[in-house]
Amino acid sequence: MPAPTRPSPPPLRVETRRVVLVGMVLWALALVVVLLLGDRVDRVWTWTCVCGLVLAAVGLAIMRWQKQG
């Protein structure tokens, strides 16, 4: 006989916009650091930071679009 299970806790309310904005700030800081390091860092890290910022911006646009629709 299976043991009785407890009910699942209610889902947490999370402000996803704030989470994405914090992520964008972190990517921007990483980009600044990579640019300050110059030639000591491989260029793939620069493009990784740029892609992180672009994808976060696209995510914000999609979240805004879904909220309006």
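1. Basis. The model is predicted, and local features need pLDDT of at least 70, side-chain atom pairs count only at pLDDT 80 or more, and totals for chains, interfaces and linings use all residues. Residues are numbered from 1 along each chain as its sequence is written, and side-chain values use heavy atoms, with hydrogens and water left out.

2. Cysteines. A disulfide is a covalent bond between the sulfur atoms of two cysteines. Here the term is applied to a pair of cysteine sulfur atoms within 2.5 Å. The structure has zero disulfides. Cys 49 is in none, and its nearest cysteine sulfur, in Cys 51, is 9.4 Å away. That separation is too far for a bond. Cys 49 is buried because its relative accessibility is 4%, whereas Cys 51, at 43%, is partly exposed. (Buried means under 20% relative accessible area, exposed over 50%, partly exposed in between, with a 1.4 Å probe and protein chains only.)

3. Nonpolar patch. Val 22, Val 25, Leu 26 and Leu 29 make up a nonpolar patch on the surface, and together they have about 370 Å² of accessible area. Such a patch takes residues with over 30% relative accessible area and no salt bridge, and joins nonpolar side chains (Val, Leu, Ile, Met, Phe, Trp, Tyr) within 5 Å. Areas come from the Shrake-Rupley method with a 1.4 Å probe, and for residues only the protein chains shown count as cover. Leu 26 belongs to helix H1, residues 16–37; helices are DSSP runs (H or I, at least four residues), numbered from the N terminus. Leu 26 counts as exposed because its relative accessibility is 54%.

4. Salt bridges. The count is two, where a salt bridge is a side-chain nitrogen of Lys or Arg within 4 Å of a carboxyl oxygen of Asp or Glu. One joins Glu 15 to Arg 18, with the closest N and O atoms 3.8 Å apart; both residues are exposed. Another links Arg 43 and Asp 39, at 3.8 Å from N to O. Arg 43 is partly exposed at 40% relative accessibility, while Asp 39 is exposed at 74%.

5. Largest pocket. Its volume is about 250 Å³, the space filled by probe spheres set on the grid points, which are joined across faces, edges and corners. A pocket is an open set of points on a 1 Å grid over the protein atoms alone, where a 1.4 Å probe fits, with protein on both sides within 12 Å along at least five of seven lines; lining residues have an atom within 4 Å of a point. The lining includes Thr 16, Arg 17 and Leu 60. H1 and helix H2 (43–68) each supply at least two lining residues, and H2 gives the most, with five.

Notes. Patch = residues over 30% accessible without salt bridge, like charges linked within 9 Å, V, L, I, M, F, W, Y side chains within 5 Å.
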